[in-house]
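Visitor: Please walk me through how to read a few features of this model.
Guide: Have the sequence and the structure open, and take one feature at a time.

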Amino acid sequence: MTREIGYAVSGLGVGRSHVASAVKAKGCKFVAICDRNEELLHKLGDEFGIAPENRYTSYEELLRRPDIEAVSVCTPSGMHRDHTVMALRAGKHVLTEKPLEIRLDRIDEMLRVAEEEKKFLGCVFQNRLAPANRKMKETIDCGRLGKLITGNFHLKWYRDEAYYGKNGGWRATWAMNGGGVVMNQTIHTVDLMQWLMGPVKSVFAKTGTYTHPIEVEDTAVAVITFENGAIGTLIGTTCAYPGLEVSIQIHGAKGSMYGKNNKLELFKMADDEGFAEEASVLEQFGAGGSAPAAADPSALPKVGHAGQVQDMIEAVIENRPPMIQGIEGRASVEIVQAIYESARTGKEVFLPFVPPAEG
Ligand SMILES: NC(=O)c1ccc[n+]([C@@H]2O[C@H](COP(=O)([O-])OP(=O)(O)OC[C@H]3O[C@@H](n4cnc5c(N)ncnc54)[C@H](O)[C@@H]3O)[C@@H](O)[C@H]2O)c1
């Protein structure tokens, strides 16, 4: 690494993973943290050995530090535009948690400001780094699966009532979460869906609130049509007791692949006689499987939040965009907003979807 940078994390819920990653990252000189919850700030600061002068309850104050070059924005989703734009305007590069924001017009503003300030904006979608998901992507992109026919992307999780009440209850609101299970949890699956299957042409969706006393949906089902002609389903729920899997099932004209919780569980290619290749693929990418380059540790991919934080630091040092750029965080939010529009109107909604501008 040619030099080291100061890295900051604001919002210390999932931000904890960013801090844990940054303190170990190569190229990171020091980590500064910010949360308006002072007790949490110091608890985390003590846990990770963050110097007292690098702990902030004021985001504005943290951003005034010239020796901080990049910031992870990990505050509630409906604050992402404001916190990202503030950091960009203060001359920082930014890695913003998913969803990049809860409204497309705000995302467009964030992208515009990043360009104006000539700073990098990255979006967290750590599941794209999982070796099994990368293997699925590579298999589709090289044409091995043939023409794509259908893909089923299902997230069946469980969240109790207390979950929706935590930290002021922001996750139960349109204003701060921009929706319910689709915008918050299923957005990971929506991102993988459009990354693997290709751009979405239209959505037809129904949503409902079944077991939680919240204003947003806890369950959604959508039929998706892709630009390449394939059709698929998306299901997201936080009512699936006791919390089950995220599953991805993709069928092409030349084969099928099933993924479950970021591991492969089926890999059947029509030209794989006796399924010898499947056995080897599942040994590497299946449950309990080794990472793909186990024999060559230097070739191991970066994984999870640690991988994205390390990549962001390297991006700043090497003056190149991060691996998942802001613009890529836009696509999933557009699909989610189209799903809400379809559920609201009872009609199929076609992309590009342009929601009414914020009043
Ligand atoms: N990538 C993932 O797997 C993943 C997982 C969980 C959450 N997230 C995303 O991360 C974001 C945060 O979610 P969470 O579950 O950590 O929420 P959280 O409520 O647990 O944490 C948010 C933190 O931000 C702090 N905060 C709020 N306003 C602030 C301000 N103005 N200045 C400083 N601190 C402030 C709160 O005190 C709180 O500690 C959301 O956008 C969520 O979608 C991503």
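Guide: Proline 321 has its place in the loop between helix 11 and helix 12 (326–345). Helices (H or I, at least four residues) and strands (E, at least two) are DSSP runs, numbered from the N terminus. Residues are numbered from 1 along each chain as its sequence is written. This is a predicted model: local features need pLDDT of at least 70, side-chain atom pairs count only at pLDDT 80 or more, and totals for chains, interfaces and linings use all residues.

Visitor: Is proline 321 buried, exposed or partly exposed?
Guide: A residue is buried with 20 or more other C-beta atoms within 10 Å of its own, exposed with 12 or fewer, and partly exposed in between; C-beta atoms are placed from the backbone. Proline 321 has 15 such atoms within 10 Å, so it is partly exposed.

Visitor: Which residues is proline 321 in contact with, leaving aside its neighbours within four places in sequence?
Guide: Contact requires C-beta atoms, placed from the backbone, within 7 Å. By that test the partners of proline 321 are Phe120 and Ala315. The C-alpha atoms of proline 321 and glycine 122 are separated by 7.9 Å, although the two residues are 199 apart along the chain.

Visitor: In what order do the six strands of the open sheet run?
Guide: Two strands pair if DSSP finds at least two bridges between them. The order is 3-2-1-4-5-6, with parallel pairing. Strand 3 (55–56) and strand 6 (121–123) each have a single partner strand, so one side of each lacks a neighbour in the sheet. Five bridges link strand 1 (residues 5–10) with strand 4 (residues 68–73), and alanine 8 has valine 71 as its bridge partner in strand 4.

Visitor: Which strands does helix 1 touch?
Guide: Helix 1 packs on this sheet against strand 1, strand 2 (28–34) and strand 4, and its direction makes about 165 degrees with that of strand 1. Axes are lines fitted to C-alpha atoms, for helices over the stretch in contact, and angles run from 0 to 180 degrees between N-to-C directions.

Visitor: How do helix 1 and helix 11 cross?
Guide: The axes of helix 1 (residues 15–24) and helix 11 (residues 304–318) come within 8 Å and cross at roughly 60 degrees. Helix 1 is therefore oblique to helix 11. Angles under 35 degrees count as roughly parallel, over 145 as roughly antiparallel, 65 to 115 as roughly perpendicular and the rest as oblique. On the helix 1 side the contact is made by Ser17, His18, Ser21 and Ala22, and on the helix 11 side by His305, Ala306, Val309 and Gln310.

How values were computed. Two residues are in contact if their C-beta atoms, placed from the backbone, lie within 7 Å.
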